[in-house]
Amino acid sequence: MRTPTRTLRRLFACTLCYFTVAVFSAPPARAGQLNVPPEVTQGLDQIFAGDPDAAIELAHRLEQKQPDHPLGYLLETEALWWKMYCQACDVKYGMVDAWKRSKRGGDDEYLAAAGRAISLAEAQLRKSDSAEMHLYAGMGLALKARLYALRDERRATAHAGVDAREQFLRASQLDPDLEDAYTGLGLYNYYVDALSAIAKILRFFMGIPGGSKKEGVKQLERGMNHGVLTAVEARFYYAKNLRTYDWKYEQALAIATPLVERFPHNPIFLLLVGNLNAELGRNETAAASFRAAEQLSVRDPACAARVRQIAESFLSSPH
């Protein structure tokens, strides 16, 4: 059993880690439902199929089409995040994950896109209070929190994460049936309750609201099973958290396996499933996942290099 040190860097690292979208010019959705244009579905599928670069190109076209809507900027930042996540992946404590790294050149572009999405959502909220725009504002803040966490900027991570939580809470208050809002709330509750005793003391002094893992699990399952746009990421982070914080490898594998079945060319999903099978001692099955990841044609050279290195490290390790 591995017990990696919990720090506040991990509090919001991937907390509220998901992407949601709404309609461009479609009629208003009824409560709890988001109308998703085909372009958005295409962009999300490109990200989860392992080609975020294609999604970035699509996002730029969406930004030109609707420059005053946060959607295109959220899609762009989400795609950039998955590139960063892959590039930062490594193996620590026997687990594949994106670990701490220093600032890099592309960070400003990422933060600018997230900031633009927040500003556009806030501009709409000044005109009319809506669950949709609170959701988008929360997305932008959560996207910022991800990068701050990756860079180990703890105070900035906490501030952005708490602000994002407030936006998600307001969205769920305005529309209790907005299923996608519960993914972010679920991850927040899960992470906060998973902190070590020392980190919880620090959380108290920093004014970070508490959370319940039990409630977080219910919210995550709600987002995973009923979310219109967040089901994939809710499933990924739920599985990864069960591995990292609860060591429930069998349950995590059952949740993660459908990701590989649906998106067989996503190297991150393959590495996670391989990692879980390795923890369960299913070495041949794990090796098949690592070989599949190693043989993928990944468009991003930095991501491709990390995937090969991680796969080779597992394949070459003694069993």
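Because the model is predicted, local features are reported where pLDDT is at least 70 and side-chain atom pairs count only at pLDDT 80 or more, whereas totals for chains, interfaces and linings use all residues. Residues are numbered from 1 along each chain as its sequence is written, and side-chain values use heavy atoms, with hydrogens and water left out. The mean pLDDT (the predictor's confidence in each residue, from 0 to 100) of the protein chain is 86, with 85% of its residues reaching 70 or more. Over residues 1-31, however, pLDDT stays under 50, and for this stretch the model has 129 contacts (heavy atoms within 4.5 Å) beyond four places in sequence.

Helices are DSSP runs of H or I with at least four residues, numbered from the N terminus. Their axes are lines fitted to C-alpha atoms over the stretch in contact, and angles run from 0 to 180 degrees between N-to-C directions. Helix α1 (residues 38-48) packs with α3 at an angle of about 10 degrees, the two axes lying 10 Å apart. That angle makes α1 roughly parallel to α3, a term applied to angles under 35 degrees. The contact is made by Val40, Gly43, Leu44, Ile47 and Phe48 of α1 together with Leu71, Leu75, Glu78, Ala79 and Trp82 of α3. By class, the contact of α1 with α3 has eight nonpolar, one polar and one charged residues, where Ala, Val, Leu, Ile, Met, Phe, Trp, Tyr, Cys and Pro count as nonpolar, Asp, Glu, Lys and Arg as charged, and the others, Gly among them, as polar.

The model has one disulfide, defined as a pair of cysteine sulfur atoms within 2.5 Å. This disulfide is formed by Cys86 and Cys303, whose sulfur atoms are 1.9 Å apart. Cys86 lies in helix α3 (residues 71-88) and Cys303 in helix α14 (residues 301-316), so the pair ties together parts that are 217 residues apart in sequence. The link of Cys86 and Cys303 is right-handed, with 75 degrees about the S-S bond.

The axes of helix α4 (residues 107-127) and helix α5 (residues 131-150) come within 8 Å and cross at roughly 160 degrees. That makes α4 roughly antiparallel to α5, the term used for angles over 145 degrees. Residues in this contact include Tyr110, Leu111 and Ile118 in α4, and Tyr136, Leu141 and Leu147 in α5. By class, the contact of α4 with α5 has 13 nonpolar, four polar and three charged residues.

Helix α10 (residues 231-246) and helix α12 (residues 267-279) pack at an angle of about 30 degrees, with axes 11 Å apart, and are therefore roughly parallel to each other. Their contact involves Val232, Phe236, Ala239 and Arg243 of α10, and Ile268, Phe269, Leu272, Asn275 and Leu276 of α12.

Key
Helices (H or I, at least four residues) and strands (E, at least two) are DSSP runs, numbered from the N terminus. Angles under 35 degrees count as roughly parallel, over 145 as roughly antiparallel, 65 to 115 as roughly perpendicular and the rest as oblique.
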